[in-house]
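Let's take a walk through this one together.

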Amino acid sequence: MSSFISKLDLAVRYHESIGEQHMANYLRNQLDVLRNITEHKKDYLVTSYYVPGELLELLDVEVVYMERLAGLAAAWRIFDKPVFRATTKGFSACSCSYQAIFDLLIEDEVIPKPVGFVALSYTCNDAWMYCKTAAEKHSVPFYFINVPKTSDNDHQKHFAKQLEELYHQLKISFPAKTSMEDVVTASNEAQEIKSQIDTVRLKTPGNIIDFFKLFPLYNDLGKKSTVEILKHFKSKLESNASKSSEDITGILWLGVLPLYRNSIILDIEKKLGCKIVCEEMFDFGNIKLTRNIFFENLAQRIMCSRFFSFENRIEAMFKSIRDFGVKGIIHFSQRNCMFLPPMVPLIRKKAEEEKIPFVEINGDVVDPDYFDEERAWNQLEFFYEQIHWRP
Amino acid sequence: MYLGIDVGSVTTDAVLLKDEKKIIAFSIVKSGFDHRSAIDKVVNDICIKAQIEREQINSVVSTGYGRRNVVEANKVVTEISCHAMGIHFLAPDIRTVIDIGGQDSKVIRVSGNGYAETFFMNDKCSAGTGRFLEVMAHAMGIDINELGAIALTAKKAEPISSICTVFAESEVISKIAEGKPKENIIAGLHQAISERLMGMVAAIGVKKPVALTGGVAKNQGIKKALSKYLGEDIYKPEEPQIVGALGAAVFAMDHYMNGLAKEGNSDSENKTNE
């Protein structure tokens, strides 16, 4: 048993023992995937975050979302100094560290080589380019969709057609597994529970860390297990709702969280006397699917997602600010990421117009070597002064 | 009396203020590796200069990278807020501060009442800091304090394409080997550091007038290069190194006055209750 599997297994049992069934189930699913591809030698496809889970759930193949597996490897510190190690194997130090870790997982034979890579040009150029390069390196197929940059009707239809073609292309190599009806039912049920979760958290924002841990469930829409995880999560949130404090300075967290140091959220709340009440990742788009326009719905969901355009993100961000009564914004910018951090100057400007204190923290979410926590605290203390002293 | 102490990476500075917001004395000592000892030294020094006893100080606010080491501090404030308040004390019209310290540099936008509105700090990198100039001065065998005056004699600035300290040092060595005049190379270095700083200014948007603070502000070459980029003369306080400590002293005064006001309020509340 690899150390990755044993650490995941331990995490599953730990969460079960403390009654966090949602996390235990979520991690068990990842453990099963890992066991299937390593111990049971099952074929698997690698894909990036926005490739719809429902499309792949129709097929009999294991799917590994590379950012999620890399994130789990980072959280359990499977590699020491991952970026440095990846560079010694020819990976550029200027690349995305998620990809560096994923590359190491294959290079170090923690996981076997995949049978193909599936990528969309949205959201991240680096992600699909990595998939393309890795597919060439491992001599496996690369399935790709160039997502239109505008979301009008024609482009949406064209994108839907491309998704359908991708499905038929994949079906040649991988037989059908789940019926479309079952996938649609599970996806819609999950979206329904997600809406109920949003209602609960709007009333009483709980511990935000679980939202960070569970946002990759977006990749598992269409699976029955996701419905169960969300049910457990909702019931946990409801039971904790009464414990939440009302009198808080609410903060919005943008971007991701250092996976090796997610407790920084609790430290910030304690030291700055505030509460991180909302993040932007736990957002599944809330588009219900129908069987006859399945691919159109998937295309629509992607094109309506908050990261599809700067305008979408700003609109969603300021809706959260209003809904949660947010008093300040923290943006964690991932090192070398060309996707979210380039929007920071515009967000900073908008926040300034709205008179909402804004702070950008820079670091690397998977490699602790690139996170200067001392510097981050200096910035956060000033952020606190801005919130509390501004006349 | 109110004391502000700024414990920086290179120097520890202190400013003593009187009730009517008048600077009584200031002191600058090397921080070294023992912050506690530097703090003790700067407090002793300022007390001697002001001819007072430590007990006469009503309130102390500490700031800077080593601010947590000031055990006497009644309050701790970030250097971002202190630089904004310090410059406001000296020149209330200033709306942007470029602070170039030994190990970091930052650009701070200041509101009309002296509070910092927003800021931008250089990343974990010595480009655009005093350390950059120190390395270059060392590479050229020149005293760092002479760089500014030498740069002012340059006929043209020799372009330095790299903003990375390590690469720029190699570039300087190559230029020396090519026989380029030292004043032109130094002017080029000042131009490179100014370009880096202007990038930071652009990140938050400049509001004029602009002031230059921190130890590096004493370098006339930097002031000249930055003024050229900004298209107007940049304001430099008489002693640009103590602006952070001065802001801390202003906060120390506010802290003390607020305490008195609260005591006054609770006294009057008590009297009402009686």
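Among contacts in chain B between residues at least 6 apart in sequence, what percentage join residues at least 24 apart? The answer is 68%. Keep in mind that what you're looking at is a predicted model.

Staying with chain B, you can count eight helices and nine strands along it. The radius of gyration comes out at 21 Å, close to the 19 Å that the globule rule gives for 274 residues, so chain B is as compact as a globular protein of that length. Along the principal axes, the C-alpha trace of chain B spans about 85 × 35 × 30 Å. As for burial, 49% of the 274 residues in chain B are buried.

The crossing of α2(A) past α11(A) is left-handed.

Which residues make the contact? From α2(A) come Q21(A), H22(A), N25(A), Y26(A) and N29(A), while α11(A) brings in S225(A), E228(A), I229(A), H232(A), F233(A) and K236(A). Sort the contact of α2(A) with α11(A) by class and you get six polar residues, three nonpolar and two charged.

Methods:
Residues are numbered from 1 along each chain as its sequence is written. Chains are lettered from A and ligands numbered from 1 in the order in which they are written. This is a predicted model: local features need pLDDT of at least 70, side-chain atom pairs count only at pLDDT 80 or more; totals for chains, interfaces and linings use all residues. A crossing is left-handed if the near helix is turned anticlockwise from the far one by less than a right angle, and right-handed if clockwise. Helices (H or I, at least four residues) and strands (E, at least two) are DSSP runs, numbered from the N terminus. Two residues are in contact if their C-beta atoms, placed from the backbone, lie within 7 Å. Ala, Val, Leu, Ile, Met, Phe, Trp, Tyr, Cys and Pro count as nonpolar, Asp, Glu, Lys and Arg as charged, and the others, Gly among them, as polar. The radius of gyration is taken over C-alpha atoms; the globule rule is 2.2 Å times the number of residues to the power 0.38. A residue is buried if 20 or more other C-beta atoms lie within 10 Å of its own, exposed if 12 or fewer, and partly exposed in between; C-beta atoms are placed from the backbone.
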